[in-house]
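Welcome, and please open your viewer. We will go from the whole chain to a few selections, one stop at a time.

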Amino acid sequence: MEWSFVFFLNSALLGVGLAMDAFSVSLANGLHDPYMSRRRGAIIAGTFGVFQAVMPMAGWLCVHTIVELFSAFETFVPWIALALLGYIGGKMLLEGIKGEEAEETAELSAGALFMQGVATSIDALSVGFTISEYGWLMALVCSLIVAAVTFFLCEAGLSLGKKFGTELSGKASILGGVILIGIGLEIFISGVFG
């Protein structure tokens with residue numbers, strides 16, 4: 001692969017494809033906290049962007065160093081994503097059902113954000129295989145483009161979630177939890193049966 005318009009276009013499209021899970025989770029986060037500050041939204045979108053950049057580079061590194069170990073790990077990816085998103089989504093769902101949202105919505109903790117970042121980007125490890133023919137600089141540029149696309153899509157997801165979260169008030173956590181569990185199931189089903 002050489003530096004060309006096609007390389008940048010492919011990287012941007014790859015970013016869109018990889019960012020869909022993070023977009024959906026951002027939508028759920030916006031639903032859960034409709035009064036989230038812009039700064040907090042940028043931190044959330046930035047976290048997803050960083051994970052989406054790191055995972056393909058980690059996959060690329062595995063291809064060029066420890067392929068056998070990564071191949072064995074790849075079968076666990078759908079299970080890990082299902083467990084992490086199922087846990088976070090289930091917790092949000094229970095909070096919504098119990099009415100624990102009350103007046104102030106609980107802010108997304110750093111640990112929960114980390115788990116969301118891992119769960120939504122872990123499948124991007126396998127992208128390291130698809131970009132393995134790139135040199136390290138091209139792989140890095142591709143990963144940074146993926147990160148930028150993810151950041152902007154997550155910002156859009158947060159904005160949409162906040163808009164509808166305000167309108168849905170107390171039912172937002174229930175919907176957000178259902179969305180997260182659904183994403184976990186989709187990753188699991190497509191990873192195991194796809």
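Helices here are DSSP runs of H or I with at least four residues, strands are runs of E with at least two, and both are numbered from the N terminus. With cartoon view on, follow the chain along its sequence and you will read α-α-α-α-α-α-α-α: the protein has 8 helices and 0 strands.

A word on what you are looking at: this is a predicted model, in which local features need pLDDT of at least 70, side-chain atom pairs count only at pLDDT 80 or more, and totals for chains, interfaces and linings use all residues. Residues are numbered from 1 along each chain as its sequence is written, and side-chain values use heavy atoms, with hydrogens and water left out.

**The whole protein.** Contact means heavy atoms within 4.5 Å. Among contacts with a separation of 6 or more, 93% join residues 24 or more positions apart.

**Select 77–98.** This is helix H4, with 22 residues, reaching 31 Å from first C-alpha to last. That is close to the 32 Å expected at 1.5 Å a residue, where the expected span is 1.5 Å times one less than the number of residues. Its buried residues include Leu84, Leu85, Ile88 and Met92.

You now have helix H5. The axes of H4 and H5 come within 9 Å and cross at roughly 145°; axes are lines fitted to C-alpha atoms, for helices over the stretch in contact, and angles run from 0 to 180 degrees between N-to-C directions. Show side chains for the contact: Ala81, Leu84, Leu85, Tyr87 and Ile88 of H4 meet Ala112, Met115, Gln116, Val118 and Ala119 of H5.

**Now 38–64.** Helix H2 packs on H5 at about 40°, with the axes 9 Å apart. That makes H2 oblique to H5 (under 35 degrees is roughly parallel, over 145 roughly antiparallel, 65 to 115 roughly perpendicular, and the rest oblique). On the H2 side, look for residues including Phe48, Phe51 and Met55; on the H5 side, Leu113 and Phe114 are among those in the contact.

**Last stop: Thr150.** Find this residue in helix H7, residues 136–168. Is Thr150 buried or exposed? Thr150 is buried, with a relative accessible area of 0%. Not counting residues up to four places away in sequence, Thr150 touches Gly15, Ala19, Ala22, Phe48, Gly49 and Gln52.

Methods: Buried means under 20% relative accessible area, exposed over 50%, partly exposed in between (1.4 Å probe, protein chains only).
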